Each structure stands twice: as C-alpha cells, then as structure tokens.
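Here are my notes on the model you asked me to look over. Have the viewer open as you go through them.

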Amino acid sequence: MPSSTTRSDIEVEKLSKIFGSGEDAVRALDDVSLTIPENEFFTLLGPSGCGKTTLLRMIAGFEQPTSGRIKLGGSDIADLPPNKRPVNTVFQSYALFPHMTVAQNIGFALKMLGKPKAEIDETVSRMLKLVKMEPMANRKPAQISGGQQQRVALARALAPRPRVLLLDEPLSALDLKLRKEMQVELKRLQAETGITFIFVTHDQEEALTMSDRIAVMSAGKVLQVGPPREIYNHPAERFVADFIGDTNFIAAKVERANGRSATVRLPSGVALTAGLPEGLSPGEGENVTLVVRPEHAKLAADGALKGTVENAVYFGTDTHFHIRLDTGDLFILRSQNAAMPNGLPDMGDAVSIAIPEGAVQVVRG
Ligand code: ADP
Ligand code: MG
C-alpha cells in the first residue's frame with residue numbers, strides 16, 4: 001500500500017496513445033494516470049485489446065506516447081532510450097536463446113553491459129538459486145520444461161537488477177497447474193528482490209491472488225485502482241463488477257445520498273443502505289444500479305428480495321441457487337454447504353433473500 005513513507009517509482013500522467021491517423025486511428029490508451037510506489041506488485045487487469053501491452057511498451061520505451069508523461073523516481077524518462085531505462089520486460093513468449101545454456105541466458109545482458117566475468121558468475125549463481133534452477137545451469141532451453149524456461153526468462157530479466165520489472169502475461173502459455181506454481185513463485189521473487197513489478201493479465205483470479213493493487217482497464221482507460229479486496233467488494237463501475245467475479249445487478253432508486261453511502265429503495269419497497277463510489281452523488285429519485293456478490297446474500301425468512309428457485313447447482317463446498325426475482329431479474333446466491341446440512345430449498349420453492357449491511361454497492365454505468 002502506498003503511504004507517505006514509500007516513494008513513488010512510476011508516475012504515469014495523462015498518458016494517451018493513438019495508433020494510425022484519420023479514419024484508421026486507434027486510441028489504444030486514453031488519458032491514463034497512475035502512481036506506482038516502490039516495491040509494489042501492481043497489476044494491469046483487463047480484457048484483450050484494452051491497452052495493457054501498449055502501456056507497458058511505453059514504460060519500457062519501445063513506444064512513444066502521443067501525449068502525457070512517464071516519470072521514474074521523479075524524473076521524466078521521455079528522452080531515455082529503452083536500453084537506458086532501469087526497466088526490464090518478461091514476455092509471454094519467453095524467447096530464450098536456444099543455443100545458450102541456462103546460465104549463459106541468465107548472464108547474457110550482463111555480458112552485453114561489459115560486466116567483469118567474476119561479477120557475472122556471482123550474479124548468475126545468485127539468480128539460479130533465486131529461481132531454483134541451479135541443477136540445470138548447463139542445460140539448453142530445449143532440455144527443460146516450459147515452466148522451467150519461464151523461470152529462466154525471469155532470472156534473465158532480473159539479473160541486471162532493473163528497478164522495475166514489467167511482466168506481460170508471462171504465465172498465460174503455461175498449463176493450469178504450472179501457472180498456479182508460478183504465481184506463488186512470482187510473488188516470492190517480488191518480495192525477495194524488492195523490485196517493483198508491473199504485471200499484466202486478463203485473468204481476474206490471477207490479479208486478485210497476486211497483487212498489492214490492481215488497475216482495472218477497459219478500452220484504453222483505467223476505470224478503478226485499488227487493493228484486490230476493495231476492487232472486489234466495492235467496485236465503482238459496472239464493468240469492474242462484471243469483469244471481476246460473479247455479480248448480481250439490481251435496479252433501485254435513490255432516496256438520499258450522504259458522502260460514501262446512500263439509502264436506496266428496491267422495487268419491492270424495501271430500503272437498503274448502499275456504498276457509493278468516490279465522486280458519485282446521485283440525486284433523490286435517481287435510478288441506480290446496485291451490485292451484490294452471490295456469496296454475500298443469504299437465504300432468510302424475510303429478506304429484501306423475493307423470488308423462486310429456478311435451479312440449484314451443487315458444487316460440493318457450496319450450492320449456487322439461481323433465483324428468479326419477482327421483478328423478473330435473475331439472482332445468483334451462493335451458500336456454503338457445511339453450515340446447512342438440510343433444509344435447502346428445491347427448484348420451484350419460493351424464497352426470500354437477505355442482503356447484509358455493507359454488501360450492497362452502487363456502481364457507475
Ligand atoms: P492488450 O495488451 O490489452 O490486449 P494492446 O495494448 O495490445 O492491448 O492494444 C490496444 C489497442 O491498440 C488494440 O485495439 C490494438 O489493436 C491496438 N494496437 C496495438 N498496437 C498497435 C499498433 N502497433 N498499430 C495499431 N494498433 C495497435
Ligand atoms: Mg497484450
């Protein structure tokens with residue numbers, strides 16, 4: 001978390017990138033501002049084409065901004081060519097040099113920088129240890145697995161001690177089990193090296209489990225920035241709520257807004273207190289959209305929402321009830337099974353859903 005004692009490492013100010021011109025112009029990045037402190041695991045999360053790679057490439061210096069600024073440690077880096085920026089990138093295609101050994105791959109950048117052999121050897125053995133590849137130092141990339149190749153690519157990128165490591169969907173080529181292992185590994189590497197990581201993914205679970213903070217992007221814009229819990233529990237935008245996790249959307253009318261909360265009335269007449277995103281102050285009588293996470297709602301004798309069970313899907317740990325509300329909307333409710341050994345409703349049963357205080361959020365859009 002940023003605080004007054006942490007220094008900001010990367011500052012992106014009103015950054016825009018337009019590819020092409022005239023009718024073919026693509027606004028890949030649209031007025032993006034971000035501050036990323038030192039030593040943070042920061043994630044850019046968004047669907048394909050939202051501008052994640054474009055933003056990384058501008059930080060790395062491979063692409064020039066159309067407008068806006070990028071600062072590193074307080075200084076504008078516009079005039080620094082990529083090889084002069086204390087930034088390194090790990091790509092999805094790790095592209096190791098096939099004719100070099102693991103150790104030679106890791107030492108390559110240091111050799112290009114003209115570092116003395118003793119220093120290269122020392123760094124390479126430290127990096128081999130860091131990514132747990134010591135026994136395979138003398139193998140060629142073709143002689144190790146995909147996950148091991150990715151670890152070597154990480155070691156190669158970390159060897160010159162970049163100040164910031166950019167990771168562009170580095171795990172998406174790996175199968176699920178390896179990906180899970182590498183997620184843990186990446187977190188450990190970030191903590192041990194203390195290097196700022198800017199990690200790109202389109203996978204919401206990956207973002208939630210790994211990040212200190214997440215920036216959710218859509219169509220070239222950053223919609224919301226915050227720690228995983230805040231993004232999940234208090235989405236500010238409909239897109240954010242929809243993209244991350246499963247969500248119920250409910251229509252409501254505002255009775256009154258007060259700072260960061262509002263009293264809203266459901267079509268059933270029931271009033272609820274809902275969280276308000278920063279900067280939003282809807283007027284009395286205004287129509288708004290509420291979000292409620294499926295696991296935050298509860299079956300209750302006399303809840304705020306009424307409906308009929310259309311489907312109950314058993315998942316072992318929990319059951320997902322698909323409930324057709326009296327308003328016609330579908331509501332998904334997730335209930336943990338351990339707590340309710342019997343007495344679960346069946347298809348066709350009329351039920352009532354309670355929404356606890358703090359589980360309702362107004363979203364924009
Ligand atoms: P992401 O990494 O989130 O999938 P990108 O940053 O690669 O998204 O792309 C953002 C948008 O910019 C897309 O619409 C993409 O087609 C466009 N784009 C990216 N690079 C170029 C380029 N060199 N020329 C033209 N359009 C580009
Ligand atoms: Mg990309």
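This is a predicted model: local features need pLDDT of at least 70, side-chain atom pairs count only at pLDDT 80 or more; totals for chains, interfaces and linings use all residues.

The points below go from the whole chain to the sheets and then to the helix contacts.

1. The protein chain contains eight helices and 20 strands. Its C-alpha atoms fill a box of roughly 75 × 50 × 45 Å along the principal axes. Of the 365 residues, 47% count as buried. If you take contacts between residues at least 6 apart in sequence, 66% of them join residues at least 24 apart.

2. Now the six-stranded sheet. Going across it, the order is S6-S7-S8-S3-S9-S10; the sheet is open and its pairing is mixed. The edges are strand S6 (87–90) and strand S10 (221–226), each of which pairs on one side only. On average, and ignoring direction, neighbouring strands here are turned by 20 degrees against each other.

3. The S9/S10 end of that sheet is worth a zoom. Strand S9 (residues 213–218) pairs with S10 in the antiparallel sense, over five bridges. Met217 has Val222 of S10 as its bridge partner, and Ile214 stands opposite Gly226 in S10. The hairpin of S9 and S10 has two residues between the strands, and in this hairpin Ala219 takes a positive phi near 45 degrees.

4. What lies on the six-stranded sheet? Helix H1 (residues 52–60) lies across strand S3 (41–45), S6, strand S7 (164–168), strand S8 (196–201) and S9, and it runs at about 150 degrees to S7. Helix H5 (residues 176–193) packs on the sheet too, where it touches S3, S7 and S8 and makes about 160 degrees with the direction of S8.

5. There is also an open sheet of four strands, antiparallel in its pairing, with the order S2-S1-S4-S5. Strand S2 (26–37) and strand S5 (75–76) are at the edges; each has a single partner strand, so one side of each is left without a neighbour in the sheet. Strand S1 (residues 8–19) and S2 run antiparallel and are joined by eight bridges. One pair to click on is Glu11, whose bridge partner in S2 is Thr35. H1 turns up again here: it packs on this sheet, touching S1, S2 and strand S4 (67–72), with its direction at about 120 degrees to that of S1.

6. On to helix packing. Two packed helices are described by the angle between their axes and the distance between the axes. For helix H2 (residues 102–112) and helix H3 (residues 117–130), the axes come within 9 Å and cross at roughly 130 degrees. That angle makes H2 oblique to H3, and the crossing is right-handed. On the H2 side the contact is made by Val102, Ala103, Ile106, Gly107, Leu110 and Lys111, and on the H3 side by Ile120, Thr123, Val124, Met127 and Leu128. Sorted by class, the contact has eight nonpolar, two polar and one charged residues.

7. How do H2 and H4 sit against each other, and at what angle do they cross? Their axes come within 7 Å and cross at roughly 30 degrees. H2 and H4 are therefore roughly parallel to each other, and their crossing is right-handed. Val102, Asn105 and Ile106 of H2 meet Val152, Ala155 and Arg156 of H4. By class, that contact has four nonpolar, one polar and one charged residues.

8. Which residues of H2 are buried? They are Val102, Ala103, Asn105, Ile106, Gly107 and Leu110. H3 and H4 are among what covers them. Just after H2, have a look at Gly114, which takes a positive phi of about 75 degrees.

9. Gln148 is found in helix H4 (residues 146–158). Is Gln148 buried or exposed? Its relative accessibility is 18%, so Gln148 counts as buried, the cut-off being under 20%. Setting aside its neighbours within four places in sequence, Gln148 is in contact with Met133 and Met136.

Technical notes. Residues are numbered from 1 along each chain as its sequence is written. Chains are lettered from A and ligands numbered from 1 in the order in which they are written. Side-chain values use heavy atoms; hydrogens and water are left out. Axes are lines fitted to C-alpha atoms, for helices over the stretch in contact, and angles run from 0 to 180 degrees between N-to-C directions. Angles under 35 degrees count as roughly parallel, over 145 as roughly antiparallel, 65 to 115 as roughly perpendicular and the rest as oblique. A crossing is left-handed if the near helix is turned anticlockwise from the far one by less than a right angle, and right-handed if clockwise. Contact means heavy atoms within 4.5 Å. Ala, Val, Leu, Ile, Met, Phe, Trp, Tyr, Cys and Pro count as nonpolar, Asp, Glu, Lys and Arg as charged, and the others, Gly among them, as polar. Two strands pair if DSSP finds at least two bridges between them. Buried means under 20% relative accessible area, exposed over 50%, partly exposed in between (1.4 Å probe, protein chains only).
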